[in-house]
Every structure is written in C-alpha cells, then in structure tokens.
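Let's take a friendly walk through a protein model together.

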Amino acid sequence: MLTAECFLRYTQTMLAPYAFRPEDSRGRRYPEPSHPYRNDFQRDRDRVIHTRAFRRLENKTQVFTRRYSDHFRNRLTHTIEVVQISRTIAASLGLNEDLVETLALVHDIGHPPFGHSGEKALNLAMREYGERFDHNLNALRTVEQFEQRYIEFPGLNLTFEVREGIIKHSRNYAPGEFPDLAEYLLDQMPPLEAQLIDLTDEVAYNTADLDDGLESKILTLDRIRAGIPAFALLFDEIERRYPGAPEKLKFNETLKRLLDRLASDLIANCKKTIAETGVQTVEDVRRAPQRLLSFSPQVEQERRQIKEFLYKNLYFSPPLKADKKKGEQMLAETFRLFMQCPEQLPASYQEKARHEPLHRVVCDYIAGMTDNFIQAQHRRLSKIAAG
C-alpha cells in the first residue's frame, strides 16, 4: 500500500529540477501544521475553490454579457479552461502541477464586474483620488483580507509562492513604484509555474473568444479566415480532409487544432529555452534577466495576429462597444453614488470606512460585485438619489 509520505516522494521525483517543490516554500504568513495527505499548494487550491470570490466569477463577464446568451464563457468557465490547459502544459514541462493549478484558479479572482471595461472604469474612479485599480493587487487583497473563513488568521493564509504568483504571473512590478509589495521579490523573476499562467491564459481566451465570437454572429467564418492566416491554413486542411462536413464542425475542428498548435509550440519552445539557458534550479529561474517561458517567434507572431484580430473585430465591435460603454457608465455612477451616500454601504464596509479612505472601501465593495448585483445596486441607489 502506498502511504501518503511515499506518494509525496513519488510525485516529487517526477518534477524537473527547475520546478518548485512544496517543501521549499517560504511558508504562510501565519504558520500552520502540515496536513497528513495534502501538500501546501493542494491546500491553497482547495481554499481558493471554496471562497465566495471564486463562486462569484460565474456571474462576471468574460467578453459577452448574458444579454447575448448564457452559454458563452464567463469568468468562471474561462478560469476552468485555463486550469485545464495549464495543468497539461505543466505536466509536459515537469513543473509543479499543484502550484500551477492553484495559480490558474486564482488568476482572475480580483476582476470586477463587466470584464475589462469594469476594470477601466474602476481605475478611472480611483485615479480621481490619486490611486489606481489593478485586478492583480485586488486579488491579493481578496485572499488576504476580504475572505474571512478561519478563526486563527485573517484571509486564506495562502503560501508565499501563491501570493507571489497572484502578483507577478502577468507582469513585472517595479520595486520603486510598489514599495508595499517589497516582500514579493520584485527584483526577481517569478518561478516558472507563475510565468506559465499568463501564456495559458492567452491560449485559452484567444481560442475561446473566436468560438464565442462566431456563435454570437459578430464574427463570421469568412472574416476569421481572412484575418487570421494560421486559422485559414488549418481550415483549408480540414476542408480537404472533410469536404462534406458542416461548416460549424469544420470550424470546431480547426479551432481545436489551433489551440493544440499554440499549446504544443509553447511546450516545445519552453523546453528549448530551458535547455539553452541551462537553468537547473528555481533560484536560477529567479536570477534570469527575463522570463524564460514564451512561444517560438513564428507562433508568437501568430498569437499577436489572433489578438489584434479579436481587438479589431470583436472586442471593439459596435455591439460590444455599446455593452462596454453601458457597463463603464453604470460602474462609475455606482461608485459616485456610494461616495455621496456611504450610509448605503453594508455595515461591515461602513465600519471599514472608519479606518480606511472611503474611496478605497467603495472600490473594494464594487470590485467584488457580480454583474447582476451591481445592476441591482445601481437601480437602488439611483432611486434613493432621485428622492
């Protein structure tokens, strides 16, 4: 019979030398005894899954609001797709799948309602007070402050590496500009597990948004083929092989192969870069002058073409621009109304406002809202303001 200790040793022997091992963690802010059959990153994963913030992702816009359909991706289903892609690639690279899975699950937990338009509006509102809104920083506040589930410590008490990955998975923060984040080694690169998440995030949403864009009829198959050469080449191959198949199934097969092309190239190029740079340890990764994980030059160009196509033809298309503008306006008005009527905040947030600036408290409250909830709050506050 394989004991928990033996199983842990077995799984760790499968890790590459540059992968992050749980026993090397810098630990938790508040020390806890180890668990008998889960390592620390598995415990972090489970804590994230059981949060309210994670559940609320189901009702936060990814690209399309529910005005279009309830079977398009939302923040939660997008997150699940990122997890699946991330674990597959992590296994191929010999990385720590538990850490990768946890970072994938938590990577969007700090997003406000209405997708990126909501983030833009909240950032503009905070700029008026000399501050900013950043969904990565909000994610850190969420797991450290807002999720109160335990008697012995505030927040989720996640490991250092998960908190570091929340901050650093998608960008580098300048130490001089963010002194309050100094503990997260801003002068060093994050482990490869964290570096992977930004890339798998793009693989997931670039392909998913083509799928939802076609289903919404904002995009057409002809336009996608004309605007994305890599897609067109794959589609032509499918047409030759399955000439009588329905167009939608040809599209599905092409999209599947496009995703596979992106993921396979990422694996191959990362292995090549790791071999060429000679990194052997996590410390080697941290001391590298730049991030080590990337697509090959050719596929990176293809990735950029997909992204540029989506921005031009989908994200800023007239139908979605109208939704974005409406969402931005609603969020800005809700922010202003709470600032004017702080007594309308929940009691716990009114108490927070005794110790923190009101604009920060209002920002925190709105950032945690779902699309449906902010619409209800906007209606309620508008009625109160109208007398």
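The largest pocket holds about 910 Å³ of space. A pocket here is an open set of points on a 1 Å grid over the protein atoms alone, where a 1.4 Å probe fits, with protein on both sides within 12 Å along at least five of seven lines; lining residues have an atom within 4 Å of a point. Grid points are joined across faces, edges and corners, and the volume is the space filled by probe spheres set on the points. This is a predicted model, in which local features need pLDDT of at least 70 and side-chain atom pairs count only at pLDDT 80 or more, while totals for chains, interfaces and linings use all residues. Residues are numbered from 1 along each chain as its sequence is written, and side-chain values use heavy atoms, leaving out hydrogens and water.

Which residues lie closest to the centre of the largest pocket? Of its 38 lining residues, they are Arg75, Gly115, His116, Glu119 and Tyr311. Helices that give two or more residues to this lining include H4 (75–93), H6 (115–127) and H14 (297–315), but the largest share, six residues, comes from H15. Helices are DSSP runs (H or I, at least four residues), numbered from the N terminus.

Next, let's turn to the nonpolar cores. In soluble globular proteins, nonpolar side chains tend to be buried together. A nonpolar core is a set of buried Ala, Val, Leu, Ile, Met, Phe, Trp, Tyr and Cys residues joined through side-chain atoms within 4.5 Å, and buried means under 20% relative accessible area (1.4 Å probe, protein chains only). The largest core has 62 residues, of which Ile89, Leu95, Leu181, Leu192 and Leu196 touch the most other members. Leaving aside neighbours within four places in sequence, Leu192 is in contact (heavy atoms within 4.5 Å) with Tyr18, Leu95, Ile274, Val285, Leu292 and Leu293. Another core, of 24 residues, lies apart from the largest one, and Leu255 and Phe309 are among its members.

Finally, two backbone angles deserve a look. Most residues other than glycine have a negative phi. Phe114, however, has a positive phi near 70 degrees; this residue lies in the loop between H5 (97–106) and H6 and is buried at 9% relative accessible area. Asn157 also has a positive phi, about 55 degrees, and sits in the loop between H7 and H8 (160–168).

Note on methods
Buried means under 20% relative accessible area, exposed over 50%, partly exposed in between (1.4 Å probe, protein chains only).
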